[in-house]
Amino acid sequence: MTTLIELDQAGELFKLDPLLEANEQEWRMIYISPHLRNWFEEALPGLISVWKVEISPLQQVDALVEEFCSGTTLCYGPQFKPIQHIEGGIWELKTPDVRIFGWFRVRDCFVGWRGEHAEHVKTYDLYHGLAGETARFRDQLDLDEPKFIPGEDPNAVVSNYSFP
Amino acid sequence: MPSYRITVSPSKRAAGRFVYGVRRAIQKAFAEEQSKRGLTQTAIARALGIHRSVINRELRGKKDITLGRVAELAWAMGRKPHFDFLEPVERGGQNYDIAACVNADATSGTANIEIDDRASSDAS
């Protein structure tokens, strides 16, 4: 059994550097799987916004990562929340065009398994399937128990979740 | 093992984070006004003479917002937008060397926008 740091050193997970501003502190962390790292490099740069908005899916993810890691308030009411529980302790990080599936190892520490175009996920109703796939990856990962925070309470998985 | 960084050009990174941040500032202002006085998207839409679905898409990042619309939304919320081009400030405890970052980014400052809660008297 291993820790996230050991998995990072072994190349089984990668710590995401959010490139915060000079005066920002990294209050929350993101680790990503090799699968998600590949997706960031191969697929994400080529994704096109179905909403045809000025910031590309790649820019949306970069901005979300910065917001998440800087520890700022995540949720402004039920409609404006960039994280959402799916099932079995699997969560998604959301932008208008992207969904990233993963879980919280401990509070404020997200482990992302894979990403998808939001439109693709919604069109083919892939939430359940992708949550199951993510859970299988989590279960197979040689990570110290408990591997994740169970339940669907966002305040249990992130600090400073909501306004007010 | 070095940490992984998402590859985005510095200018695109600045643009994406700015646009995202502006939208989040609007969402925050809306949530505050909703909590304070029960403001709804329908009321904003009515005040601006547009359909509620347009406001909803703009607030959720599914429709671009012009600078003019930022001001209109602020007005409809009884707020005032505030816009600045800030110079980067070097301080202790920062995450990286600001000078190197500015050179790499080919930018000399940070743009920032906030929605102040100074109520405008003619907002509905």
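Predicted model: local features only at pLDDT ≥ 70, side-chain atom pairs only at ≥ 80, totals over all residues.
Q: At what angle do α3(A) and helix α1 of chain B pack?
A: Two packed helices are described by the angle between their axes and the distance between the axes. The axes of α3(A) and α1(B), the latter spanning residues 10–37, are 8 Å apart. Their crossing is right-handed. The angle at which α3(A) and α1(B) pack is about 65 degrees.

Q: How many charged residues are in the contact of α3(A) with α1(B)?
A: From α3(A), the residues that meet α1(B) include Asp62(A), Glu66(A) and Glu67(A). On the side of α1(B), Lys12(B), Arg13(B), Arg17(B) and Arg24(B) are among them. The contact also has three nonpolar and three polar residues, and its charged residues number seven.

Q: Why do the buried residues of α3(B) line one face of the helix?
A: In helix α3 of chain B (residues 52–59), the buried residues are Ile55(B), Glu58(B) and Leu59(B). They line one face because, seen down the helix axis, they fall within an arc of 95 degrees.

Q: Which helices of chain B are included in what covers the buried residues of α3(B)?
A: The buried residues in question are Ile55(B), Glu58(B) and Leu59(B). Just after this helix, Gly61(B) takes a positive phi of about 80 degrees. The cover over the buried residues of α3(B) includes α1(B), α2(B) (41–48) and α4(B) (67–76).

Q: At what angle do the axes of α2(B) and α4(B) cross?
A: Residues Ile44(B), Ala47(B) and Leu48(B) of α2(B) meet Glu72(B), Leu73(B) and Ala76(B) of α4(B). This contact divides into five nonpolar residues, no polar residue and one charged residue. The crossing is right-handed. The axes come within 9 Å, and they cross at roughly 115 degrees.

Q: Which strands of chain A stand at the edges of the sheet?
A: Six strands of chain A form an open sheet of mixed pairing, in the order β1-β2-β6-β5-β4-β3. An edge strand has a single partner, so one side of it is left without a neighbour in the sheet. The edge strands of chain A are β1 and β3 (83–87).

Q: In which sense do β2(A) and β6(A) pair, parallel or antiparallel?
A: Strands of a sheet pair through backbone hydrogen bonds, either parallel or antiparallel. On its other pairing, β2(A) joins β1(A) in the antiparallel sense over two bridges, where Phe14(A) has Ile32(A) as its bridge partner. The pairing of β2(A) with β6(A) runs over four bridges, and its sense is parallel.

Q: Which strands of chain A does α3(A) touch as it packs on the sheet?
A: Another helix, α2(A), lies across β1, β2 and β6 of chain A and runs at about 50 degrees to β6(A). The direction of α3(A) makes about 135 degrees with that of β2(A). The strands that α3(A) touches are β2, β4 (90–94) and β5 (98–106) of chain A.

Q: Is Lys52(A) buried or exposed?
A: Lys52(A) lies in the loop between α2 and α3 of chain A, and its phi is positive, about 55 degrees, although it is not a glycine. Because Lys52(A) has 9 C-beta neighbours inside 10 Å, it counts as exposed.

Q: What is the omega of the peptide bond from Glu145(A) to Pro146(A)?
A: Most residues other than glycine have a negative phi, and most peptide bonds are trans. Pro146(A) is in the loop between α5 (127–140) and α6 (154–157) of chain A. The bond from Glu145(A) to Pro146(A) is cis, with omega near -5 degrees.

Terms used
Residues numbered from 1 in each chain as written. Chains lettered and ligands numbered in written order. Axes fitted to C-alpha atoms, helices over the stretch in contact; angles between N-to-C directions. Left-handed = near helix turned anticlockwise from the far one by under 90°. Contact = placed C-beta atoms within 7 Å. Nonpolar A, V, L, I, M, F, W, Y, C, P; charged D, E, K, R; others polar. Buried ≥ 20, exposed ≤ 12 C-beta atoms within 10 Å, placed from the backbone. Arc of directions from axis to C-beta. Pairing = 2+ DSSP bridges.
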